[in-house]
Amino acid sequence: MLKAIYPGSFDPVTLGHEDIIRRSSRLVDELIVGVLNNKAKSPLFSVEERVKMLEEVTKDLANVRIIPFGGLLVDFARRMDAGMIIRGLRAITDFEYELQMSQMNHKMEAGVETVFLTTSLEYSYLSSSTVKEVAAFGGDISQFVPDVVADRITEKMNKKESVD
Ligand code: ADP
């Protein structure tokens, strides 16, 4: 059985992430979307919120599970008994970092291979951080994220404004 992990912060999940999830779920028997619980990054959404949004976005995909994790990705892969890591590649700027990470991970755990899917053209400019920037200035982000995320991000920004 081919089990893969697609790891990331998903703060929040964008249409680019969703595209990679849907495409990679067709390549493997089971896809685990690993949601990084990294408090140092001070995310906009808590890990529980990010997991919930991903669950809603992927509810029609029977072989996809959403699981939060902390620590080393290769340790998580080992715990999940997954032999593959999926990463998405956008522009050349992603490449250098991703190459380094995949080689480092392979050195630490030779049983885990990293597989890259290139972004679909229509999402190649999309990232969670640019979506957050646009939302922070009141821009319409509905064309960049799944509907469930668009609603939550607006709520979150309104709450933030009333606190700031
Ligand atoms: P990280 O916190 O590791 O940067 P992200 O949540 O930003 O993770 O992204 C997780 C994965 O999804 C990474 O492999 C990233 O390259 C990929 N990704 C992000 N946005 C897109 C997109 N628009 N198209 C394809 N892949 C993407």
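Predicted model: local features only at pLDDT ≥ 70, side-chain atom pairs only at ≥ 80, totals over all residues.
By class, how many nonpolar, polar and charged residues does the lining of the largest pocket have? Hold on to that one for a minute, everyone.

Let's begin with the pocket. The largest pocket has a volume of about 1200 Å³, and 45 residues line it. Lying nearest its centre are Gly 8, Ser 9, Lys 41, Arg 87 and Glu 98. If you look at the elements that give two or more residues to this lining, you find β1, α1, β4, α4 and α5. For orientation, α4 covers 92–108 and α5 covers 128–136.

The lining of the largest pocket has 19 nonpolar residues, 18 polar ones and eight charged ones.

Now for the ligand. The space the ligand takes is that largest pocket. Two or more residues of the shell around the ligand come from each of β1 (3–8), α1 (15–25) and β4 (84–89). In total, 16 residues surround the ligand, and the closest are Tyr 6, Ser 9, Phe 10, Gly 88 and Tyr 123. By class, this shell divides into six nonpolar, six polar and four charged residues.

Please zoom in on the ligand's oxygen atoms with me. The side chain of Tyr 6 places an N or O atom 2.6 Å from an oxygen atom of the ligand. With Phe 10 the backbone is involved: one of its N or O atoms lies 2.9 Å from a ligand oxygen. For His 17, a side-chain N or O atom is 3.2 Å from an oxygen atom of the ligand. As for cover, the ligand taken alone exposes 560 Å², and the protein buries 88% of that.

A bit of background: most residues other than glycine have a negative phi, and most peptide bonds are trans. Phe 10 is not a glycine, yet its phi is positive, at about 50°. Pro 12 is found in that loop between β1 and α1 too. The peptide bond joining Asp 11 and Pro 12 is cis, with omega about 0°.

So which residue would I leave on the screen? Phe 10, please: its backbone lies 2.9 Å from a ligand oxygen, counted from an N or O atom, and its phi is positive. Thanks, everyone!

Conventions: Residues numbered from 1 in each chain as written. Heavy atoms only, no water. Near = heavy atom within 4 Å. Polar contact = N/O pair within 3.5 Å; in protein donor to acceptor, adjacent residues only side chain to side chain. Areas by Shrake-Rupley, 256 points an atom, 1.4 Å probe, with all protein chains shown as cover. 1 Å grid on protein atoms, 1.4 Å probe; cavity = no way out; pocket = protein on both sides within 12 Å on 5 of 7 lines; lining within 4 Å. Sits in = over half its atoms within 2 Å of the grid points. Helix = DSSP H or I, 4+ residues; strand = E, 2+ residues; numbered from the N terminus. Nonpolar A, V, L, I, M, F, W, Y, C, P; charged D, E, K, R; others polar. Points joined across faces, edges and corners; volume = space filled by probe spheres on them.
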